[in-house]
Amino acid sequence: MNVIGRAGLRARVTTGFAAGALVLSLAMASISYQLVRQSLIAERENAAVRAAYYDAAIVEAGINNNPTPDIGTVLRSLDTGDSRQAVLHLDEWHARSADVGLTDAIPTRLQEHAATGRVGVQMVDAGGTPALVVAVPLADGAVFYEIDSMAELDHTLRVLALVLTLVALGTAGAGALVGWNATRYVLRPLTSVANAAKEITAGRQMARLDPATEPDLARLTTSFNHMVDQLSARMERDRRFAADVSHELRSPLQTLAAAASVLDRRRDTLDERTALAAGLIVDEVDRFQRLVNDLLELARTDQPADRQEVDVAELARQTCRDHGLDPGIVTVVGGPVAWSVDRRRIRQLFDNLLDNAAGYGGGATEVRLTADAERCRIEVDDEGPGVSPEDKPLIWSRFVRGRSQSSSRADGGGTGLGLALVAQHAAAHDGTAEVLDRPGGGARFRIDLPDCL
């Protein structure tokens, strides 16, 4: 299943609320519009029929009361206003001068219906404007037609449709706002879970959720706290086990180191094979001691950083001197050099990065310190072959020294814990560690530490 580009939960819920509100409001708007339209048209039709009956009675009286009636005068005597127009068919069409040409708007079917002596009503299109034609039969085969313009009613209905549409869109917007606020409320407990998980990841294992905050999610809160308790207990057991084992190994290792030192000093008096074996023993005991020390340090890295004001630039220069490097390779790019960090952790971070550069990258070429309002950054460049792309995601793991046979990082004699400690020290400061390609060749190890100023 492809989930790339899939909208988040908040976006989906907000869209659902908006769509639901839009569909409901459009349905209500459509029903309201139809009911109002039918009511207004029916009311207007009844009024037009009553007015037509009244005007037809006036016309019929004017014709019957005069042996030689002037039909034009009779029609002009009608008070039809601006919206109604009158036409009389008596042997031929008669109309007021202003109403000439209206006969084209009278449908043939309505004329045929009125010729049978029945009143008829029909909606027509009169020059692009809706109109209502009322046919009232009179005596002697005469038919009175009155055309009532519906332009004003049509305008009213158009305005009503526009208003209802805008109301529907506004309701959809309100639904989206309600959905957005609802998801904020719903996601608040999940945000608390995420924050607690982040604190636990950073080493603050006392972070817990309060069941009283969200009573409806008490089961989730209780289960999460129980899981964290179990995880913390297991991590503590593992940490103590690693620390205890490492501590117990230090005493016999010191004995082995002392014995190896004696062999190393008398290597010249031994035969070639014995001297070679003695040298291997000395090297492996030394490596074993470094491994135990790293394991002890690793067991302590789960604790949060003990922050204090540290002159990181001077600490980096002193570390370079201790490693036999020129302190001039330390450069400061803007910002203060006094950072709020754990001095012991940052010192070991420098130590491990410089050892890594010396062992696998031909030595460090630059240590760059950068600080701004968002984060503090440490970068260590070397001039080695770099790190292969397949090794970059794994190089910060424990006991990983590289897989690429073309890289000298694959056959170094380190413990495989140096960079893992670097990553742990960065995480203790809520920071990150990554390795990049150095412009011009080599590797660039970058440590970002937020909120250290």
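## Two residues with positive phi

Asp430 sits in the loop that links helix 9 (418-428) to strand 11 (432-437). In this predicted model, Asp430 has a positive phi of about 60 degrees, although it is not a glycine. Most residues other than glycine have a negative phi. The relative accessibility of Asp430 is 35%, and partly exposed covers the range between under 20% for buried and over 50% for exposed. Asp430 therefore counts as partly exposed.

Asp451 also has a positive phi, near 55 degrees, and is likewise a residue other than glycine. Asp451 lies in the segment that follows strand 12 (443-450). With a relative accessible area of 64%, Asp451 is exposed, because exposed means over 50%.

Five strands make up an open sheet in the order 2-1-5-4-3, and their pairing is antiparallel. Strand 2 (92-95) and strand 3 (120-126) stand at the edges. Each of these two has a single partner strand, so one side of each is left without a neighbour in the sheet. On average, neighbouring strands of this sheet are turned by 25 degrees against each other, with direction ignored.

Strand 3 is joined to strand 4 (residues 129-137) by seven bridges, and the two run antiparallel. Within this pairing, Asp125 has Pro130 in strand 4 as its bridge partner. Helix 1 (residues 9-64) packs on the sheet and touches strand 1 (84-90), strand 3, strand 4 and strand 5 (143-149). The direction of helix 1 makes about 140 degrees with that of strand 5.

## Helix 7 against helix 8

Two packed helices are described by the angle between their axes and the distance between the axes. For helix 7 (residues 312-322) and helix 8 (residues 343-360), the axes come within 10 Å and cross at roughly 45 degrees. The crossing of helix 7 and helix 8 is right-handed.

On the helix 7 side, the contact is made by Val312, Leu315, Ala316, Gln318, Thr319, Cys320 and Asp322. These meet Arg343, Ile346, Arg347, Phe350, Asp351 and Leu354 in helix 8. By class, the contact has seven nonpolar, two polar and four charged residues.

Strand 10 (residues 375-382) is mostly covered, with eight of its eight residues buried. In a regular strand the side chains alternate between the two faces of the sheet. Both faces of strand 10 are covered. One side carries Arg375, Arg377, Glu379 and Asp381, and the other carries Cys376, Ile378, Val380 and Asp382, all of them buried.

Strand 9 (residues 364-371) is joined to strand 10 by seven bridges, and the two run antiparallel. They form a hairpin with three residues between the strands. In this pairing, Leu369 has Ile378 in strand 10 as its bridge partner; Ile378 is among the buried residues of strand 10.

Strand 10 also pairs with strand 12, in the antiparallel sense and over seven bridges. Here Asp381 stands opposite Arg444 in strand 12. Asp381 is buried, on the side of strand 10 that also holds Arg375, Arg377 and Glu379.

Note on methods
Residues numbered from 1 in each chain as written. Predicted model: local features only at pLDDT ≥ 70, side-chain atom pairs only at ≥ 80, totals over all residues. Heavy atoms only, no water. Helix = DSSP H or I, 4+ residues; strand = E, 2+ residues; numbered from the N terminus. Buried < 20%, exposed > 50% of the residue type's maximum accessible area, 1.4 Å probe, protein only. Pairing = 2+ DSSP bridges. Axes fitted to C-alpha atoms, helices over the stretch in contact; angles between N-to-C directions. Contact = heavy atoms within 4.5 Å. Left-handed = near helix turned anticlockwise from the far one by under 90°. Nonpolar A, V, L, I, M, F, W, Y, C, P; charged D, E, K, R; others polar.
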